[in-house]
Amino acid sequence: MPLTFFSFQNFHNPYILIRLPQNPNRARSTMELGLAIFILALAFLSTIAHSIRFELESGHTKCIGEDIKINSMTVGQYSIVNPNEGHPLPEHHKITVRLFSGSGNRQHYAEAVESGEFALRVVEDGDHLVCFSAIDHQPAVNISVEFNWGSGVAAKGWSNVAKKGSVDAMQLELKKIEDMVAGIHEEMLYLRKREREMEKLNRKTNTKLGSFSLVSLFMCLSVAGLQLWHLKTFFEKKKII
């Protein structure tokens with residue numbers, strides 16, 4: 001039975017090792033099947049890019065959070081959905097958009113706009129918040145906002161890469177896979193770093209708990225000794241013992 005093997009030997013410079021059967025027709029079918037599987041996998045993994053539509057009431061604010069690691073690229077596009085297609089948006093259909101880093105630093109700001117976008121490289125680990133505020137209006141109305149947000153591999157414009165590089169479909173898919181593997185490797189390194197931090201924190205916590213337990217045991221024994229001494233003294237004064 002023909003088999004296809006994939007081996008990623010070096011995550012910093014990943015490559016794909018494909019072992020093909022000797023039959024040319026089967027080889028071609030296997031390559032086509034492998035390419036189809038890769039395309040489906042990429043289509044599935046591309047869902048890490050968020051594409052949502054939500055309602056925002058006048059004078060209110062809604063925030064969306066995403067945990068992004070340092071040095072990752074993040075790209076977002078937002079726009080107000082026109083409730084009356086073919087007509088201009090009402091004047092009160094405006095939003096203010098702010099992007100905050102994990103430490104609260106403002107990375108993007110757009111005031112009273114109908115649409116916009118941001119693209120930046122993250123310089124801090126942690127949760128990043130995108131907050132949408134609708135301008136106050138009486139009577140209150142609901143504004144539909146469409147928001148696309150992607151980070152890491154999902155933030156890359158692959159259509160532009162294909163146009164600029166003039167590469168064929170196979171090369172483009174392999175480039176996507178290469179970048180995806182690099183992203184997975186970076187994620188693994190990040191998780192290992194977090195794991196080491198958690199282990200260090202656990203060791204410190206266990207040490208503190210052990211010290212606290214010893215202190216508590218010493219205090220309990222001391223109180224018990226004092227109680228025995230007090231009872232002995234009391235009974236001796238009463239000449240009971």
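# Notebook: strands, a disulfide and a core

**Entry 1: the overall plan.** Reading from the N terminus, I get the order α-β-β-β-β-β-β-β-β-α-α for the elements of the protein. That is 3 helices and 8 strands. I am looking at a predicted model, so I keep an eye on confidence as I go.

**Entry 2: how confident is the model?** The average pLDDT of the protein is 76, and 71% of the residues reach at least 70. Which elements have the lowest and the highest confidence? Helix H2 (residues 158-165) is lowest with a mean of 48, while strand E4 (residues 95-100) is highest at 95. I noted two stretches to read with care. Residues 1-27 stay under 50 in pLDDT, and the model gives them 32 contacts beyond four places in sequence. Residues 42-48 are also below 50, with 8 contacts in the model beyond near neighbours in sequence.

**Entry 3: a sheet of four strands.** Next I followed an open sheet of 4 strands, and I wrote down its order as E2-E7-E4-E5, with antiparallel pairing. Which strands stand at the edges? They are E2 and strand E5 (106-113); each has a single partner strand, so one side of each has no neighbour in the sheet. On average, neighbouring strands here are turned by 10° against each other, direction ignored. A reminder to myself: strands of a sheet pair through backbone hydrogen bonds, either parallel or antiparallel. I then zoomed in on E2 and E7, which run antiparallel and are joined by 8 bridges. As an example, Glu 66 has His 128 in E7 as its bridge partner.

**Entry 4: the disulfide.** I searched the whole structure for disulfides and found 1. It joins Cys 63 to Cys 131, with an S to S distance of 2.0 Å. Where do the two cysteines lie? Cys 63 is in strand E2 (residues 61-68) and Cys 131 is in strand E7 (residues 126-134), so the pair ties together parts 68 residues apart in sequence. The torsion about the S-S bond is about 105°, so I call this disulfide right-handed. Are its two ends buried or exposed? Cys 63 is partly exposed because its relative accessibility is 44%, whereas Cys 131, at 8%, counts as buried. I also checked Cys 220, which is exposed with a relative accessible area of 53%.

**Entry 5: strands E3 and E8.** Away from that sheet order, I looked at strand E3 (residues 73-80), which pairs with E8 in the antiparallel sense over 7 bridges. Within this pairing, Ile 80 has Val 145 in E8 as its bridge partner. How many residues of strand E8 (residues 142-151) are buried? The count is 7 of its 10 residues, so I take "buried" here as under 20% relative accessible area.

**Entry 6: the nonpolar core.** The largest nonpolar core has 21 residues. Those with the most contacts inside it are Tyr 78, Ile 95, Val 130, Phe 132 and Phe 147. I listed the elements that give two or more residues to this core: strand E1 (50-57), E3, E4, E5, strand E6 (115-121), E7 and E8. Which element gives the largest share? E8 does, with 4 residues.

Note on methods: Residues numbered from 1 in each chain as written. Predicted model: local features only at pLDDT ≥ 70, side-chain atom pairs only at ≥ 80, totals over all residues. Heavy atoms only, no water. Disulfide = S-S within 2.5 Å. Buried < 20%, exposed > 50% of the residue type's maximum accessible area, 1.4 Å probe, protein only. Pairing = 2+ DSSP bridges. pLDDT = per-residue confidence, 0-100. Contact = heavy atoms within 4.5 Å. Axes fitted to C-alpha atoms, helices over the stretch in contact; angles between N-to-C directions. Core = buried A, V, L, I, M, F, W, Y, C linked by side-chain atoms within 4.5 Å.
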